[in-house]
Amino acid sequence: MKKIAVINDISGFGKCSLTAALPIISALGMQCCPVPTAVLSHQTGYNSYHCIDLTAELDAYLKEWYSCGESFDAILTGYMTSCEQADIILKAVDRLKNDCTLVVVDPVMADDGTLYKTYSKELCRKVIRLAKKANVITPNLTELCILARLSYKSTTAKSAEDSYFEYIAEAARTLLSENLETVIVTGVKKGNTVCDIAVGKDSFSVSQSELIGGSFSGTGDLFASIVCAELTRGMSMAYSVELATRFIEKAIRDTVKEGTDRNDGIAFEKHLEMLINE
Ligand code: PXL
């Protein structure tokens with residue numbers, strides 16, 4: 001069975017990070033091996049939460065993995081609590097990967113034009129360094145603007161232009177390198193649609209959904225988990241992105257019907273059957 005190491009927090013409420021990655025990767029028939037970076041009562045978008053930061057334990061936890069010689073088909077990283085934790089994760093990615101390991105970095109930093117309140121400029125610089133180690137990154141549009149040093153306001157101001165997606169693709173292409181093969185920009189709004197755009201050196205694909213509701217907790221984590229697992233089992237980039245887009249669209253539709261708060265995440269559980277034996 002293929003194994004994916006997921007370096008992320010676990011939050012009691014918010015259906016994000018590890019509570020998103022675990023069911024998705026299991027449904028897709030792979031073993032999810034968590035490196036829990038923190039335990040939170042709720043994700044940080046709620047008005048109040050308690051965070052048990054596991055930074056001080058991470059080296060000892062990872063040392064056990066290193067001494068067992070564990071190796072992984074893929075590594076997926078997400079939310080980080082501090083610069084000190086980011087430094088440990090930067091080293092862990094190098095130690096855990098082998099020549100065949102797919103490294104997917106979700107450069108969690110911001111959404112809707114605003115940095116998450118726990119992310120400093122210095123932590124963003126660490127995220128940028130981590131993104132450079134990846135084969136695939138999955139920034140939302142705000143995070144792409146940070147990575148590509150663009151203004152979010154002037155980027156979204158172009159959304160009505162015919163060339164909007166090409167503009168975004170050009171920005172994404174500036175990030176590509178020898179190892180970073182694909183940048184998938186998520187949640188790009190255009191008219192009444194929201195799109196996920198996969199950009200490679202010579203490739204470009206757009207997966208489109210109807211824009212329903214606003215942005216919800218955990219969608220980036222669900223998206224990155226589906227894409228990471230599908231690529232790990234050998235599916236194409238365009239197929240993996242389209243499946244992730246369709247899965248999230250269906251779950252958002254149910255969530256909007258239920259009328260729950262954006263912080264509570266999306267109603268994805270009933271749609272896991274789309275992924276089982278798929
Ligand atoms: O979904 C990203 C994420 C993950 N983990 C925690 C968060 C967030 C976004 O706010 O707060 C704890």
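1. A residue counts as near a molecule if one of its heavy atoms lies within 4 Å of it. By that rule, the ligand is surrounded by Asp9, Ser11, Cys16, Ser17, Leu40, Gln43, Thr44, Tyr79, Tyr116 and Asp221.

2. A word on the model. It is predicted: local features need pLDDT of at least 70, side-chain atom pairs count only at pLDDT 80 or more, and totals for chains, interfaces and linings use all residues. Residues are numbered from 1 along each chain as its sequence is written, and side-chain values use heavy atoms, with hydrogens and water left out.

3. Sort the shell by class. Four of its residues are nonpolar, four are polar and two are charged. Here Tyr and Cys count as nonpolar, along with Ala, Val, Leu, Ile, Met, Phe, Trp and Pro; Asp, Glu, Lys and Arg are charged; the others, Gly among them, are polar.

4. Now the polar contacts (pairs of N or O atoms within 3.5 Å). Asp9 places a polar side-chain atom 2.7 Å from a nitrogen atom of the ligand. The side chain of Thr44 has an N or O atom 2.6 Å from a ligand oxygen atom. For Asp221, a polar side-chain atom lies 2.6 Å from an oxygen atom of the ligand. On its own the ligand has 320 Å² of accessible area (Shrake-Rupley method, 1.4 Å probe). The protein covers 93% of that.

5. Next, the strands (DSSP runs of E, at least two residues). They pair if DSSP finds at least two bridges between them. Strand β1 (residues 3-13) runs parallel to β2 (residues 31-42), with nine bridges. Ile4 has Cys32 as its bridge partner in β2. β1 also runs parallel to β4 (residues 74-77), with four bridges. There, Ile7 stands opposite Thr77.

Notes:
Polar contact = N/O pair within 3.5 Å; in protein donor to acceptor, adjacent residues only side chain to side chain.
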